[in-house]
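Have a look at this two-chain model before reading on.

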Amino acid sequence: MRRCFAIARREFGSFFATPVAYVYLSIFLVLSSVLTFFVGDFYHRGQADLLPYFSFHPWLYLLLVPAFAMRTWAEERKAGTIELLMSLPVSVGEAVVGKFLACWLILALALMMTTPLWLTVNYLGNPDNGVIVAAYIGSWLMGGAFLAISICVSALTRNQVVAFIVAVIMCAVFVVSGFEMVLDIFRSWASNTIIDTVASLSFLTHFDTMSRGVLAADDIVYFLLVITVWLYACSIIVDENRAA
Amino acid sequence: MKSLNVALLTEGGMVLSLLPPHKAIRYRIINTSSKWNAMIAVENLSRRFHGLTAVDDLTFTIKPGEIVGFLGPNGAGKSTTMKMLTGFLTPSSGSVSIDDLSMSTQAKKIQQRIGYLPEGAPLYNDMTVFQFLHFIATVRGLKGATRRQRLKHVIDKVALQDVLNRRIEELSKGFRHRIGLAQALVHDPDILILDEPTDGLDPNQKHQVRELIRALSKEKIVIISTHILEEVTAVCNRTMIIAEGKLRFDGTPAELQQRSRYHQAVTLHFSYAADISGLAEIEGVDEMVVDRHSGDVTLFPEPGKLIMTAVVEHISHFRLPVDKFTIEDGRLEDVFREITTQESTQGEVTE
């Protein structure tokens, strides 16, 4: 466990040693505010909640998280440091989880930096703060799911651009599977069970309830499961890489 | 296991008689107090990449105190072998074990005891030197005062004090290699595996690295790979030549030199023209070769014969005007070329 934290700390530090973390944090802040105020009509809605802010999170994550996580393994492979890492007495699992934790912490940091928005709502009206906390937690969990997918894809290649593009596509699959348009394609031929399954795979479906303040066990379990499965897949890929 | 220890001791005892007393004592102490006596056993190790055989059926053992030099042409399988020894690559077949631990089942335990410098010294470039070494020490399970003391020790040993707070990416190749070495030494491993540790260093740095390896290797196993043949004679006490994934030679550097036609050959240079026809007739001289450019005369001995005395006698008897007299150790380049190419051409014939 200590090794896992040592790796997480190193990874976290290296995000700040390079501009990656700063760029990610500032873009996240700028984009989330722009979307909330201009596209989400924060003021005109006349409601004291953060729904316009949270509803854009899946789309923000879709672009930003793969960009931010693409380097985790790809760079390690390209620079050859993976050889160093894997000849240390560290298990692949520890390394994968360590890297994930570091990135997830930065996502948390980005969310925490948007608290002025929360304060604004409290200043303007009387929002249900419980709902907002739940939505924050939900957003963080969903971000973790995006992250797990991106990290897993990053282990597949030594080219960061490829890792980014593939990760965006993989994440997009998980986002759009909840879209009516996509579900319509299935409606014409598939049974309801299949449609429900496809819809239930979507991050949107699960995040929607969370952003409204309902932290249901099945949504939490869903995101945790997605994270676990993708991280497990990642450890298999990393392990396979050194066999090949 | 006990009988092995006894055998090692008597071996140490035999060395004793040949050494000056202060050295002898050091040898004895180390032989008895070495807590691990780590021994690497490699059996039928093979590694294939997409149908290409990089390492082909290697079998050898390495004992503590041995400094093994892996020699071989590029792509011979040196690095692949080392990667399998460190547990980074999994063998296609065969096994690596250290003492009674098998790499396939107890890799973490083994890796605790190995220090490894990968080829080209890959490091985390965005960290500072100290952060990096601290990270490696922590992952290696060192903490508190021990960690501080070990870090100080390796930093002193490879002289990194001046660059501790510099980012690794800003540093020169020489520093990178030294950081790589420090990283491999920080947990005081029993086994040190260095893939081309002196590659790309200037002569002074090469010298430093060699001194370092020599200084630490008394009770450890050190395996280095290199292209540089003199390095093997300078640092190693055992040489393994690998070509096309196969072990072609396994012995001491001296044995390697003995394989050379030049081993114990005598090279002469004359101040002015003299009658040299008699030299070729000396007892034990196999052949005489005259270099037209330098005017050097080289006398090759018949295998196993020593001709030095006879040549000296001949020179003094005929009062030959010799101004340079060299006894050759053996030219490793020739031996190396012979060993690494000869059998491959045979292979082609049989294929």
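Setting aside neighbours within four places in sequence, A:Ala6 is in contact with B:Phe135, B:Thr138 and B:Val139. Keep in mind that this is a predicted model. A:Ala6 sits in helix α1 of chain A. Is A:Ala6 buried or exposed? The cut-off for buried is 20 or more other C-beta atoms within 10 Å, and A:Ala6 counts as buried because it has 22 C-beta neighbours inside 10 Å. For a sense of distance within its own chain, take A:Val65, which is 59 residues away from A:Ala6 along the sequence: the two C-alpha atoms are separated by 23 Å.

Now to the wider meeting of the two chains. On the chain A side, 21 residues are in contact with 22 residues of chain B. Which elements of chain A give two or more residues to that side? They are α1 (2-17), α6 (81-86) and α14 (217-243) of chain A. The biggest giver is α1(A), with 7 residues, and α1 is also the helix that holds A:Ala6. By class, the chain A residues that touch chain B split into 10 nonpolar, 7 polar and 4 charged.

Stepping back, here are the two chains set next to each other.

| Item | Chain A | Chain B |
|---|---|---|
| Helices and strands | 14 helices, 0 strands | 12 helices, 14 strands |
| Buried share of residues | 40% of 244 residues | 37% of 351 residues |

Chain A, then, has 14 helices and 0 strands, and reading from the N terminus its elements go α-α-α-α-α-α-α-α-α-α-α-α-α-α. How does the radius of gyration of chain A sit against the globule rule for 244 residues? It comes out at 19 Å, close to the 18 Å from the rule, so chain A is as compact as a globular protein of that length.

One helix pair inside chain A is worth a visit. Two packed helices are described by the angle between their axes and the distance between the axes. Helix α2 (residues 20-39) of chain A packs against helix α4 (residues 57-69) of chain A at an angle of about 175°, and their axes are 11 Å apart. Angles over 145 degrees count as roughly antiparallel, and that makes α2(A) roughly antiparallel to α4(A). Who meets whom there? From α2(A) come A:Val20, A:Tyr24, A:Ile27, A:Phe28, A:Leu31 and A:Ser32, and they meet A:Leu60, A:Leu64 and A:Phe68 of α4(A). By class, this contact has 8 nonpolar residues, 1 polar and no charged ones. As for the spacing of such positions, an α-helix has 3.6 residues a turn, so residues three or four places apart point the same way.

Over in chain B, helix α3 (residues 78-85) is mostly covered, with 8 of its 8 residues buried. The buried residues of α3(B) include B:Lys78 and B:Lys83, along with B:Ser79, B:Thr80, B:Thr81, B:Met82, B:Met84 and B:Leu85. After α3(B) comes B:Gly87, which has a positive phi, near 85°.

Definitions and conventions
Residues numbered from 1 in each chain as written. Chains lettered and ligands numbered in written order. Predicted model: local features only at pLDDT ≥ 70, side-chain atom pairs only at ≥ 80, totals over all residues. Helix = DSSP H or I, 4+ residues; strand = E, 2+ residues; numbered from the N terminus. Rg over C-alpha atoms; globule rule 2.2 N^0.38 Å. Buried ≥ 20, exposed ≤ 12 C-beta atoms within 10 Å, placed from the backbone. Contact = placed C-beta atoms within 7 Å. Nonpolar A, V, L, I, M, F, W, Y, C, P; charged D, E, K, R; others polar. Axes fitted to C-alpha atoms, helices over the stretch in contact; angles between N-to-C directions. Parallel < 35°, antiparallel > 145°, perpendicular 65-115°, else oblique.
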